[in-house]
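This report covers a predicted model.

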Amino acid sequence: MTIDPQTAAILDILNQPVADPPAEVSITEARAGADALFTGFAGDKVATCETQDRQIPSPDDPVPVRIYTPPQAGDIPLPLVIFFHGGGWSLGNVAAYDSLVRALCVESNALFISVDYRLGPEHKYPAGLRDCRAVTNWALAQGTEIGADPDRIAVMGDSAGGTLATVVAHQINRADPGRVKAQVLIYPVMDLSRPHDHYPSRMTFGNGEYLLSRDGIDAAENWYLSPSEDRNAPEISPLRQPDLTPLPPTLMVVGGYDPLLDETVQYHEDLQKAGVASELLRYEGTIHAFLSFGCLDIAREARRYIGAQLHRLLAT
């Protein structure tokens, strides 16, 4: 397996030695670094989507979202994808993911709602999950307000957002079978219950030279979860879910140099064993978070494929 040359060029930049690195990175510094990373390599913005920022009501405080309408929108209700950004449940935001969601909106010709859910450590689990569930419930009940077809709704997330997406889909479809029609999980975090060495990909690719590190996973877990939280809970580690049959048809995407490769593959295989239609798309030459790097040819290729699959999965 050979790494993609464009991906390697990004890693050369990111892996430059830093003079006097801090002994510990604060959450403020980590967020600033993540925002700079995603905006710095975002590539050209797709300007053809219309966007609207608004607040969605929830049982807690209103949840900020950004709604994306594709340029081909007309009077016919469109499929809707609810997107949960990554960042270890503690970093990232709607603005940092704007370029990616715009591209997916255009490629799929679907409406998108990108959710600015609450982040740890200020808001520990399950605050962010509650926000994601509230927005999805609102879309299912009132999506017609923004031109959505309530019978063609999917959830999508990358990294930590992929965890949130599959938990939301499972919770909703368990209570109301078939309500969420599809899920797209992009290099998701599937297991916080087992040590890193349970997954060879975490040990091989998680030293830090391929963007995501084991230390980064540990920091994200500590920011997101209280020490007393049960890591075996399926809402935290979806690989612990005893019954996957409520889940909808699934598309999973992962890079070959991603520390989360093995758990992504395991979840895909578990879905298939449970009788859930699941497709796994492996981009062997690239890394975690690659889809956000719009300057990469491989990212643009993956965006096009995901858009086409969403169009298929959410067909009338």
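## Asp98 and its contacts

Leaving aside residues up to four places away in sequence, Asp98 touches Lys45, Arg66 and Tyr68. Asp98 lies in helix 3, residues 98-108. Its relative accessibility is 4%, so Asp98 counts as buried. The side chains of Asp98 and Arg102 are joined by a polar contact of 2.6 Å.

Eight strands form an open sheet in the order 1-2-4-3-5-6-7-8, and the pairing is mixed. At the edges stand strand 1 (50-56) and strand 8 (278-283). Each has a single partner strand, so one side of each is left without a neighbour in the sheet. On average, neighbouring strands are turned by 20 degrees against each other, direction ignored.

Strand 7 (residues 250-255) and strand 8 run parallel, joined by six bridges. Gly255 has Tyr283 in strand 8 as its bridge partner.

## Helices on the sheet

Helix 4 (residues 127-142) packs on the sheet and touches strands 1, 2, 3, 4 and 5. Its direction makes about 175 degrees with that of strand 3.

Helix 9 (residues 297-313) also packs on the sheet. It touches strands 3, 4, 5, 6, 7 and 8. The direction of helix 9 makes about 170 degrees with that of strand 8.

## Aromatic rings

The count comes to 11 aromatic pairs. In the pair of Phe205 and Tyr210, the ring centres are 5.8 Å apart and the planes stand at 80 degrees, so the pair is edge-to-face. Phe205 is buried at 12% relative accessible area. Tyr210 counts as buried at 19% relative accessibility.

Phe38, Phe41, Phe83, Tyr97 and Phe293 form one aromatic cluster.

Key: Residues are numbered from 1 along each chain as its sequence is written. This is a predicted model: local features need pLDDT of at least 70, side-chain atom pairs count only at pLDDT 80 or more; totals for chains, interfaces and linings use all residues. Side-chain values use heavy atoms; hydrogens and water are left out. Rings of Phe, Tyr and Trp (its six-membered ring) pair if their centres lie within 6.5 Å; planes under 30 degrees apart count as stacked, over 60 as edge-to-face and the rest as tilted. Buried means under 20% relative accessible area, exposed over 50%, partly exposed in between (1.4 Å probe, protein chains only). Helices (H or I, at least four residues) and strands (E, at least two) are DSSP runs, numbered from the N terminus. A polar contact is a pair of N or O atoms within 3.5 Å; within protein, one must be able to donate a hydrogen and the other to accept it, and residues adjacent in sequence count only if both atoms are side-chain atoms. Contact means heavy atoms within 4.5 Å. Two strands pair if DSSP finds at least two bridges between them. Axes are lines fitted to C-alpha atoms, for helices over the stretch in contact, and angles run from 0 to 180 degrees between N-to-C directions.
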